[in-house]
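User: Hi! I am new to reading protein structures and would like to go through one step by step. Could you help me?

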Amino acid sequence: MGLFKLLKEKFSKKPVEETSTYVEGMAKSRSNFASKLDELSKLYKEVNKEYFEKLEEILIEADVGVELSLKIIDEAFTESKSQGIKDPKTINELVVDKMFLGYATKGGNIHNEIDFVDNGPTVLLVAGVNGVGKTTTIAKLAHRYIKKGKKVMLCAADTFRAGAVEQLTVWATRLNCEIVVGKPESDPASVAFDGARKAKENHVDLLIVDTAGRLQNKVNLMNELAKICRVISKEIPNAPHDAFLVIDATTGQNGLSQAKQFLDCIKLTGIVITKMDGTSKGGIILAIRDMLGIPVRFIGLGERMEDLEEFDLDKYLYGLCLGDKYE
């Protein structure tokens with residue numbers, strides 16, 4: 001049995017609430033992808049070269065990425081010829097299988113939750129360009145781990161963007177967690193250093209460090225992030241333990257370009273995708289994994305604090321391909 005059919009069997013037997021967040025959050029992406037697959041399959045009795053070309057267009061329009069789309073279609077075409085598969089719906093299922101396998105086998109093991117160190121604070125560095133929802137994402141991550149019983153501290157090292165410190169301070173107040181801030185336009189690395197020191201003194205479980213979303217060029221960005229990492233590690237060995245890049249799903253391939261820029265500057269351990277509920281281009285998750293080998297660790301599927309979900313590949317593909325059929 002193919003992965004697509006296993007996915008249908010798995011979730012058709014589960015309570016709706018177990019998948020409702022993904023189903024609701026990915027409605028726009030599903031209408032751009034699954035609906036088009038269904039419409040295409042109804043136009044052809046048997047697949048031909050033209051059918052595969054149209055499949056390729058659907059993948060690219062969903063932001064799966066040109067290279068990955070070509071690879072998936074080429075593999076599906078080759079397999080269909082060798083096995084004599086001509087049914088359009090079977091081919092569509094085969095394409096989804098290829099999408100699933102490509103993510104699951106690219107770039108090592110998939111692990112989403114933060115692993116906490118035994119002694120001393122665990123440090124999470126959060127990066128991302130302005131406007132992607134970085135501050136809100138930090139608040140949602142803090143909320144997630146506070147609910148798990150962890151003592152969380154925020155560090156406002158994005159000192160250059162107007163309002164960034166104030167916004168993070170508001171969230172810290174709402175969440176009732178500590179925050180470390182510096183003077184306006186103070187050196188971000190010095191604020192990060194103070195955050196690391198205070199996190200140790202106050203026996204914090206998780207220190208989340210907000211970093212600058214925009215500097216004049218990549219060299220400045222590289223130097224700034226490297227300096228922040230360097231000063232934190234002086235206080236807390238091996239820190240930062242995780243480094244997440246926040247990407248707005250609605251930006252599509254621009255998000256992939258952002259990821260490449262930051263990857264040159266810092267050792268990223270995961271991606272957080274925001275605003276997935278607001279886009280029809282859900283394939284960006286697959287493109288990021290394929291191009292960079294970095295897993296999506298969390299996914300934003302709504303405005304509520306609880307709508308930042310640990311990324312689940314099965315639920316993602318279910319929401320992208322099948323959600324409407326089992327609501």
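User: Let's start with the cysteines. How far is the sulfur of Cys177 from the closest cysteine sulfur?

Analyst: A disulfide needs two cysteine sulfur atoms within 2.5 Å. This is a predicted model, and in it the closest cysteine sulfur to that of Cys177 belongs to Cys155, 12 Å away, which is too far for a bond. The structure holds 0 disulfides.

User: Is Cys177 buried or exposed?

Analyst: Buried means under 20% relative accessible area. Cys177 has 12%, so it is buried. Cys321 also falls under that cut-off, because its relative accessibility is 8%.

User: What should I look for in a single strand?

Analyst: In a regular strand the side chains alternate between the two faces of the sheet. Take β4 as the case: Leu206, Ile208 and Asp210 lie on one side, Leu207 and Val209 on the other, and all are buried. In other words, 5 of the 5 residues of β4 are buried.

User: Which residues are the bridge partners of Leu207 in β4?

Analyst: Val123 is a bridge partner of Leu207, and Met153 is one as well. The strands behind these pairs run parallel: β1 (residues 122-127) pairs with β4 over 5 bridges, and 5 bridges join β2 to β4.

User: How do I check a helix?

Analyst: Compare its span with what its residue count predicts. At 1.5 Å a residue, the 17 residues of α6 should span 24 Å, and the end C-alpha atoms are 25 Å apart, which agrees. Helix α3 (residues 27-43) reaches 23 Å, close to the 24 Å expected.

User: How many residues of α6 are buried?

Analyst: The count is 12 of 17, so α6 is largely enclosed by the rest of the structure. Among them are Ile91, Leu94, Val95 and Met99. In α3, the buried residues include Ser29, Phe33, Leu37 and Leu40, and what covers the buried residues of α3 includes α2, α4, α6 and α13.

User: Why do nonpolar side chains matter when I read the inside of a protein?

Analyst: In soluble globular proteins, nonpolar side chains tend to be buried together. Here the largest nonpolar core has 81 residues, and Ile232, Ile273 and Tyr316 have the most contacts inside it. Helix α6 gives the largest share of this core, 7 residues. Apart from it lies another core of 26 residues, including Val152 and Leu168.

User: Which residues are in contact with Ile232, leaving aside its neighbours within four places in sequence?

Analyst: They are Val123, Leu125, Ala192, Ala196, Val209 and Ala239.

User: Which backbone features deserve a second look?

Analyst: Most residues other than glycine have a negative phi, and most peptide bonds are trans. Against that background, the bond from Ala239 to Pro240 is cis, with omega near -5°. Pro240 sits in the loop between α10 (218-235) and β5. His203, which is not a glycine, has a positive phi of about 55°. His203 lies in the loop between α9 and β4, and its relative accessible area of 66% makes it exposed. Lys275 has a positive phi too, about 60°, and counts as partly exposed at 35% relative accessibility.

User: Where is Met276, and is it buried or exposed?

Analyst: Met276 is in the loop between β6 (270-274) and α12 (284-292). With 0% relative accessibility, Met276 counts as buried. Residues that Met276 touches include Met26, Ser29, Ala249, Ile285 and Leu301.

How values were computed
Residues are numbered from 1 along each chain as its sequence is written. This is a predicted model: local features need pLDDT of at least 70, side-chain atom pairs count only at pLDDT 80 or more; totals for chains, interfaces and linings use all residues. Side-chain values use heavy atoms; hydrogens and water are left out. Helices (H or I, at least four residues) and strands (E, at least two) are DSSP runs, numbered from the N terminus. Buried means under 20% relative accessible area, exposed over 50%, partly exposed in between (1.4 Å probe, protein chains only). Contact means heavy atoms within 4.5 Å. A nonpolar core is a set of buried Ala, Val, Leu, Ile, Met, Phe, Trp, Tyr and Cys residues joined through side-chain atoms within 4.5 Å. The expected span of a helix is 1.5 Å times one less than its number of residues. Two strands pair if DSSP finds at least two bridges between them.
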